Structures are given as C-alpha cells and as structure tokens.
Amino acid sequence: MNQTTVDTPIPATDQARILLIFVLPTAPRVLGERAFTLQNWSLPERLACRVRIDVATACHAWIMAGHRDDLPVLTIDGACFLDFDGFTREFSRLLRGYTWRGNLDAFDDILGGGFGTPDNGWVLRWLNSGTSRSALGYEATVRRREQLLLTCHPSNRPTIQAEVVEAKRGEGPTLFDEIVGIIREHGPDGDGTGDGIRLELL
C-alpha cells in the first residue's frame with residue numbers, strides 16, 4: 001500500500017495544524033474505492049470540511065487515472081452542512097456556471113444534465129450520509145413545508161398543510177428521503193430517463 005504524507009501549515013492566527021495522510025489502496029477497493037484519514041488540531045470546522053472534500057477529490061482523481069472504465073465521481077459531505085440551506089450550497093459546489101437555490105423541481109432538472117455534471121452517467125458519493133439523514137429529518141421537513149406554505153399556490157396549501165401535520169407526527173418521508181428519491185429516479189432503477197446517476201450513501 002502506497003502512502004503519502006503532506007504536512008500543511010496553517011497561519012498562526014488559526015492556531016491549527018493539519019496532517020493529511022492519503023492512503024491509496026492497491027488491494028480490492030473498499031467503501032468507494034479509497035480511504036483517507038484526516039487528523040486536525042483546533043482546526044476551524046469550515047476549513048476542516050473543505051480539506052475533507054479536497055482529500056476525497058484527490059483520491060478520486062487517482063482512482064480515475066488507474067481505472068478509466070469507472071464512472072466519474074462527484075462527492076458531497078454531510079459533515080459540511082447542518083440544514084437544507086447548507087445542502088443546497090454543498091450540492092451547488094458540484095455545478096458549473098449555475099447556483100441551485102433549493103427548489104426540488106429544479107434539483108430534478110439539474111440531475112437531468114446540462115448544468116456541469118458529467119455526461120453519460122456518474123456517481124454521486126454522499127459522505128457522512130447518516131449525519132445528513134438526521135439533519136434533513138422530520139424537523140427540517142416541517143420547516144421546509146412551512147416555508148412552502150408561504151409561497152405556494154392556494155390550491156396546493158391543503159396538501160402541504162397535511163404534510164406538515166404528518167411530519168410533526170414523525171410520519172411519512174423526510175426531506176432526506178425526498179432528495180434521495182429524486183436522485184434515484186435518475187439512476188439505474190429509476191424511471192428510465194437514462195441519466196445513469198448512481199447514488200452511494202456512505
């Protein structure tokens with residue numbers, strides 16, 4: 001197994017230091033074809049999150065160089081956001097020349113292609129998806145539905161109000177479930193759109 005160590009100094013004002021260890025596996029690939037470890041000391045969370053993404057991207061680049069038949073991999077990290085607004089920013093990072101504002105119909109359109117994501121299929125790798133499952137759970141679902149009530153067409157209000165009541169009882173699909181469902185509609189078991197997006201929840 002090859003190992004490269006990069007010691008990256010951080011300005012003294014941050015009072016932090018990062019040690020990045022890239023582990024590039026030569027044995028059978030595990031948990032998304034790569035493993036990486038990040039150790040940090042008093043590292044600001046925003047910077048730590050960005051480093052996690054950069055390490056994952058570097059490992060993915062190595063994988064693609066050695067395994068050209070693999071689909072391109074785009075990564076989002078559930079450790080980088082705590083709510084739906086944060087998720088929209090994290091996903092928008094994957095796009096080119098477009099910022100997604102959180103409308104789920106638009107999210108569905110984006111997954112159909114034409115917004116900077118790879119053509120002919122790709123992998124959406126969702127790191128720390130368990131954290132996202134909690135962050136986008138019933139509380140987030142209620143907040144999202146209540147926001148929609150402020151702007152939706154009057155004819156849609158009864159349905160959304162019923163969804164608010166359901167979510168407050170801890171029943172029905174969560175916002176996380178809804179997002180995952182939309183992504184999977186564009187995958188191999190979806191509605192036949194042929195977009196070829198494979199979701200990996202890690």
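## Contacts around Cys152

Contact here means heavy atoms within 4.5 Å. By that criterion, and with residues up to four places away in sequence not counted, Cys152 touches Arg157 and Ile160 in this predicted model. Cys152 is placed in the loop between α5 and α6, and it counts as buried because its relative accessibility, 13%, falls under the 20% cut-off.

## Overall architecture

The chain has 202 residues, of which 41% are buried, and its secondary structure comprises seven helices and six strands. Read from the N terminus, the order of elements is β-β-β-α-β-α-α-β-α-α-α-α-β.

Among contacts in the chain with a separation of 6 or more, 57% join residues 24 or more positions apart. The accessible surface of the chain amounts to about 11400 Å², and carbon and sulfur atoms hold 50% of that surface.

## The largest nonpolar core

The largest nonpolar core contains 27 residues, and those touching the most other members are Phe87, Phe91, Trp100, Phe107, Trp126 and Ile179. Two or more residues of this core come from each of β4 (73–77), α2 (84–92), α3, β5 (122–127), α7 (175–185) and β6 (197–201). The largest share, six residues, is given by α7.

Phe107 illustrates how these members meet: when neighbours within four places in sequence are left aside, Phe107 is in contact with Phe87, Phe91, Trp100, Ile179, Ile182 and Ile183.

## Leu136 between α4 and α5

Leu136 belongs to the loop between α4 (129–135) and α5, and this residue is buried because its relative accessible area is 0%, where the cut-off is under 20%. Its contacts, again without residues up to four places away in sequence, are with Phe81, Asp83, Phe84, Trp126, Thr141, Thr174, Leu175, Phe176 and Ile179. Two of these partners, Trp126 and Ile179, are also listed among the core residues that touch the most other members.

Leu82 is 54 residues from Leu136 in sequence, with 8.1 Å between their C-alpha atoms, while Glu178 is 42 residues from Leu136 in sequence, with a C-alpha to C-alpha distance of 9.7 Å.

## The second largest pocket

The second largest pocket has a volume of about 230 Å³, and its lining consists of Asn103, Leu104, Asp105, Arg144, Arg145, Leu148, Ile160, Glu163 and Glu178. By class, this lining holds five charged residues, three nonpolar residues and one polar residue. At least two lining residues are supplied by each of α3 (104–111), α5 (138–151) and α6 (157–168), and the largest share, three residues, comes from α5. Ile160, one of the lining residues, is also a contact partner of Cys152.

Glu178, another residue of the lining, is found in helix α7. Its relative accessibility is 27%, so Glu178 counts as partly exposed, the class between 20% and 50%. Leaving out residues up to four places away in sequence, Glu178 touches Leu104 and Arg145, and both of these partners are themselves part of the lining.

## Ala162 in α6

Ala162 is located in helix α6 and, at 46% relative accessibility, counts as partly exposed. Ala162 and Arg145 are 17 residues apart in sequence, and their C-alpha atoms are 9.7 Å apart in space; Arg145 is one of the residues that line the second largest pocket.

## Positive phi at two asparagines

Which phi value does Asn120 have, given that it is not a glycine? Its phi is positive, at about 65°, and its place is in the loop between α3 and β5. Asn120 is classed as exposed because its relative accessible area, 78%, is over 50%.

Asn128, likewise a residue other than glycine, has a positive phi near 50°. Asn128 is situated in the loop between β5 and α4, and its relative accessibility of 34% means that it counts as partly exposed.

Notes. Residues numbered from 1 in each chain as written. Predicted model: local features only at pLDDT ≥ 70, side-chain atom pairs only at ≥ 80, totals over all residues. Heavy atoms only, no water. 1 Å grid on protein atoms, 1.4 Å probe; cavity = no way out; pocket = protein on both sides within 12 Å on 5 of 7 lines; lining within 4 Å. Points joined across faces, edges and corners; volume = space filled by probe spheres on them. Helix = DSSP H or I, 4+ residues; strand = E, 2+ residues; numbered from the N terminus. Nonpolar A, V, L, I, M, F, W, Y, C, P; charged D, E, K, R; others polar. Buried < 20%, exposed > 50% of the residue type's maximum accessible area, 1.4 Å probe, protein only. Core = buried A, V, L, I, M, F, W, Y, C linked by side-chain atoms within 4.5 Å. Areas by Shrake-Rupley, 256 points an atom, 1.4 Å probe, with all protein chains shown as cover.
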